Amino acid sequence: MRNRGIWMILGTVMAVAGCAGSGGSDLPYEADAYPDGWINPGDVPTQACLSQNVWAHPDFDWLMIRPLEIQITVVHLDGEPWPEVVVSVFDDASDLPGNQTLLAEGMTDADGLWTGTAVLPTDQAAVNVVVNIMGAKNRDRLPVADGRVIAEFGRGE
């Protein structure tokens, strides 16, 4: 146990000592990493070898998630509101229910309406909604439009 601690300290000291120089190149980045004239890398510190600098196209969106507004209405077959129904919203990563991630869950109010919010990965353009009712449509894959999902469940098709 004592030897492991000594080696960890020695390894850390060696790594930090390796950062003291500029790396032997006048460029603060790899010269062949990007095409000539693509993007000016700007001021990149030459002495901070532990800092990571990533260049991307100027219009690249670094946001990997987006907010999602959800509005689900649940009604009986005759159109009357269906209160106290559990609504579950899952991601669209898989068709198999066990492989999906629960994004939001709630219960309908007296008007049969449930509104909620969730966070959706940007690579998914739909969600799977399940409502806890029997005898009517209770599951659907719904597309996300303008950051919203609006749907009605229960009415005869």
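Biologist: Is Asp92 buried or exposed?

Modeller: This is a predicted model, in which local features need pLDDT of at least 70, side-chain atom pairs count only at pLDDT 80 or more, and totals for chains, interfaces and linings use all residues. Residues are numbered from 1 along each chain as its sequence is written, and side-chain values use heavy atoms, with hydrogens and water left out. The classes of relative accessible area are buried (under 20%), exposed (over 50%) and partly exposed in between, with a 1.4 Å probe and protein chains only. The relative accessible area of Asp92 is 17%, so Asp92 is buried.

Biologist: Which residue meets the side chain of Asp92 in a salt bridge?

Modeller: A salt bridge needs a side-chain nitrogen of Lys or Arg within 4 Å of a carboxyl oxygen of Asp or Glu. At 2.7 Å from N to O, the side chain of Asp92 meets that of Arg141. Asp92 is in the loop between β2 (86–90) and β3 (102–107), and its partner is in strand β6 (residues 139–143), so parts 49 residues apart in sequence are tied together by Arg141.

Biologist: In the open sheet of three strands, what is the order?

Modeller: Two strands pair if DSSP finds at least two bridges between them. β1 (residues 65–74) and β4 are antiparallel over nine bridges, and Ile70 has Gly116 of β4 as its bridge partner. The pairing in the sheet is mixed, and the order is β4-β1-β7.

Biologist: Which strands are the edge strands?

Modeller: The open sheet has three strands. An edge strand here pairs on one side only, and that holds for β4 (113–121) and β7 (148–153).

Biologist: With which residue does Glu69 form a salt bridge?

Modeller: The closest N and O atoms of the pair are 3.7 Å apart, and the partner of Glu69 is Arg148. Glu69 is in strand β1 and its partner in strand β7, 79 residues apart.

Key. Helices (H or I, at least four residues) and strands (E, at least two) are DSSP runs, numbered from the N terminus.
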